[in-house]
Amino acid sequence: MSENIWGYQPTAGHIAGTDLIGFKVEAADGSIGKVDKHSDEVDSSYLVVDTGVWIFGKHVLLPAGTVRSVDADERKIFVDLTKEQIKDSPEFDKDKHTNDPGYHEQIGGYYHGHRRA
């Protein structure tokens, strides 16, 4: 994962401006859902993933730095996390995530602590 957890890794293959809504998201050990919303904002890029029935309709916020690669042809995004790490992440709060820097610090801190070697 990149040093800036809120920025895409240069090797991820994501092109800013690409619409990722509907892309499937794959953890290291299986599918976790589909992109419901995303942002390419500098130093605040993220994915909001609808996990569907996997974790009872929960949405999760994944900082862009967790993205390992984007396959535009297959419409899939691969992240450097396990399903368990994602399931245990801080709960997504749609009201806080856009205007609460402390919430971003909480999410970023969680994912920084779960980097894969």
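Begin by selecting Tyr103, His104, Ile107, Gly108, Tyr110 and Tyr111, which are the buried residues of helix α2 in this predicted model. They cover an arc of only 160° around the axis, which puts them on the same side of α2. Now select the whole of α2, residues 101-112, and you have 12 residues that reach 16 Å from the first C-alpha to the last, close to the 16 Å expected at 1.5 Å a residue. On the face turned away from the buried side of α2, look for the exposed residues Pro101 and Glu105.

Next, go to serine 89, whose place is in the loop between α1 and α2. With a relative accessible area of 6%, serine 89 is under the 20% limit and therefore counts as buried. Leaving aside residues up to four places away in sequence, serine 89 touches Lys58, Val60, Tyr110 and Tyr111. If you show the side chains of serine 89 and tyrosine 111, you will find a polar contact of 3.4 Å joining them.

From here, turn to the largest nonpolar core, which has 29 residues, and select Leu47, Leu62, Ile77 and Val79, the ones with the most contacts inside it. The elements that give two or more residues to this core are β1 (24-27), β2 (30-39), β3 (46-50), β4, β5 (67-71), β6 (76-79) and α2. Keep isoleucine 77 selected and display its surroundings: not counting residues up to four places away in sequence, isoleucine 77 touches several residues, including Leu20, Phe23, Val35, Leu47 and Val67.

The last stops concern the backbone angle phi. Most residues other than glycine have a negative phi. Select aspartate 43 in the loop between β2 and β3, where phi is near 60°, a positive value in a residue other than glycine. Is aspartate 43 buried or exposed? At 54% relative accessibility, aspartate 43 counts as exposed, because the limit for that word is over 50%.

Finally, select arginine 75 in the loop between β5 and β6. Its phi is near 55°, a positive value in a residue that is not glycine, and with a relative accessible area of 39%, arginine 75 is partly exposed.

Definitions and conventions: Residues are numbered from 1 along each chain as its sequence is written. This is a predicted model: local features need pLDDT of at least 70, side-chain atom pairs count only at pLDDT 80 or more; totals for chains, interfaces and linings use all residues. Side-chain values use heavy atoms; hydrogens and water are left out. Helices (H or I, at least four residues) and strands (E, at least two) are DSSP runs, numbered from the N terminus. The expected span of a helix is 1.5 Å times one less than its number of residues. Buried means under 20% relative accessible area, exposed over 50%, partly exposed in between (1.4 Å probe, protein chains only). The arc is that of the directions from the helix axis to the C-beta atoms. A nonpolar core is a set of buried Ala, Val, Leu, Ile, Met, Phe, Trp, Tyr and Cys residues joined through side-chain atoms within 4.5 Å. Contact means heavy atoms within 4.5 Å. A polar contact is a pair of N or O atoms within 3.5 Å; within protein, one must be able to donate a hydrogen and the other to accept it, and residues adjacent in sequence count only if both atoms are side-chain atoms.
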